[in-house]
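Dear colleague,

Here is the structure I promised to pass on. Please have it open as you read; my notes follow below.

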Amino acid sequence: MRQQDNSQTANTSLKKTLVVGLTGGIGSGKSAASDWFAQQGIDIIDADVIAHEVVAKGSETLRKIQKKFGDWVLNPVGEMDRAAVRNHVFSHPEALIELESITHPAIREAAKEQLRTCTSDYIVLSAPLLIEGAEAGLANLCQRILVIDVDENIQLARASLRDDQSMTKIKAIMANQLDRAARNRHADDVIVNEGDVAALHTQLVPLHQNYLTLAQQLAYAVD
């Protein structure tokens with residue numbers, strides 16, 4: 001089980017609400033789990049969505065990226081050329097570090113702002129790299145981490161059917177993520193999602209009830 005630190009306690013005190021970090025490797029079914037929580041009336045903060053928003057055309061974050069890497073990061077209409085940037089950082093690891101030093105603080109601040117406006121009984125903060133690099137420090141905003149786990153061969157099969165990406169690119173994405181054992185060691189809760197969507201939902205039901213209870217306990221404790 002993951003250990004909490006003082007910074008985590010300070011950050012989550014932004015709200016008297018339980019924040020559950022949701023993560024999993026590519027093709028694990030993390031999005032399906034997130035959708036189910038949303039159907040239960042739970043507010044979802046999606047780090048992928050935030051990551052797109054903070055580099056929107058004309059944003060301060062995009063200007064910093066342009067200044068760091070050059071005008072080639074922009075397409076003809078002034079938006080970030082995501083494909084070009086993605087290909088560049090995949091082949092230049094040091095560039096990924098530089099890019100994240102710009103984007104992660106912006107992502108974190110945007111997530112904190114969303115936390116302040118959420119009103120559901122608890123909150124799910126979904127991030128594909130929540131654990132790997134403490135994506136934007138988002139793990140420290142969570143009191144609990146839920147990992148959607150799946151065999152790596154199933155990951156490959158699902159991702160190849162879902163995404164318009166080559167098997168080589170999918171494997172490269174997986175290589176940038178923790179392996180199953182390492183990811184699961186950081187989890188408070190693990191769901192093995194190797195069946196159909198109905199089986200996933202069945203496993204989520206008791207977790208949802210537990211999170212409601214924990215959220216109520218947290219609210220009383222803070223009060």
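Helix H5 (residues 82-91) packs against helix H6 (residues 93-117) at an angle of about 125°. Their axes lie 5 Å apart. That angle makes H5 oblique to H6. Bear in mind that this is a predicted model.

Which residues make the contact between H5 and H6? From H5 come Val85, His88, Val89 and Ser91. From H6 come Pro93, Ala95, Leu96 and Leu99. By type, the residues of this contact divide into six nonpolar, two polar and no charged.

Next, Gly24. Gly24 sits in the loop between strand S1 (18-23) and helix H2 (30-39). Is Gly24 buried or exposed? Its relative accessibility is 2%, so Gly24 counts as buried; the cut-off is under 20%.

Gly24 also has partners from elsewhere in the chain. Leaving aside neighbours within four places in sequence, Gly24 is in contact with Lys30, Pro128, Ile148 and Arg183. Ser126 is 102 residues away from Gly24 along the chain, yet their C-alpha atoms are separated by 9.2 Å.

Last, the cysteines. A disulfide is a covalent bond between the sulfur atoms of two cysteines. How many disulfides does the model have? The count comes to zero, with sulfur atoms required to be within 2.5 Å. Cys118 has 9% relative accessibility and therefore counts as buried. Cys142 is buried too, because its relative accessible area is 0%.

Best wishes

Key: Residues are numbered from 1 along each chain as its sequence is written. This is a predicted model: local features need pLDDT of at least 70, side-chain atom pairs count only at pLDDT 80 or more; totals for chains, interfaces and linings use all residues. Side-chain values use heavy atoms; hydrogens and water are left out. Axes are lines fitted to C-alpha atoms, for helices over the stretch in contact, and angles run from 0 to 180 degrees between N-to-C directions. Helices (H or I, at least four residues) and strands (E, at least two) are DSSP runs, numbered from the N terminus. Angles under 35 degrees count as roughly parallel, over 145 as roughly antiparallel, 65 to 115 as roughly perpendicular and the rest as oblique. Contact means heavy atoms within 4.5 Å. Ala, Val, Leu, Ile, Met, Phe, Trp, Tyr, Cys and Pro count as nonpolar, Asp, Glu, Lys and Arg as charged, and the others, Gly among them, as polar. Buried means under 20% relative accessible area, exposed over 50%, partly exposed in between (1.4 Å probe, protein chains only).
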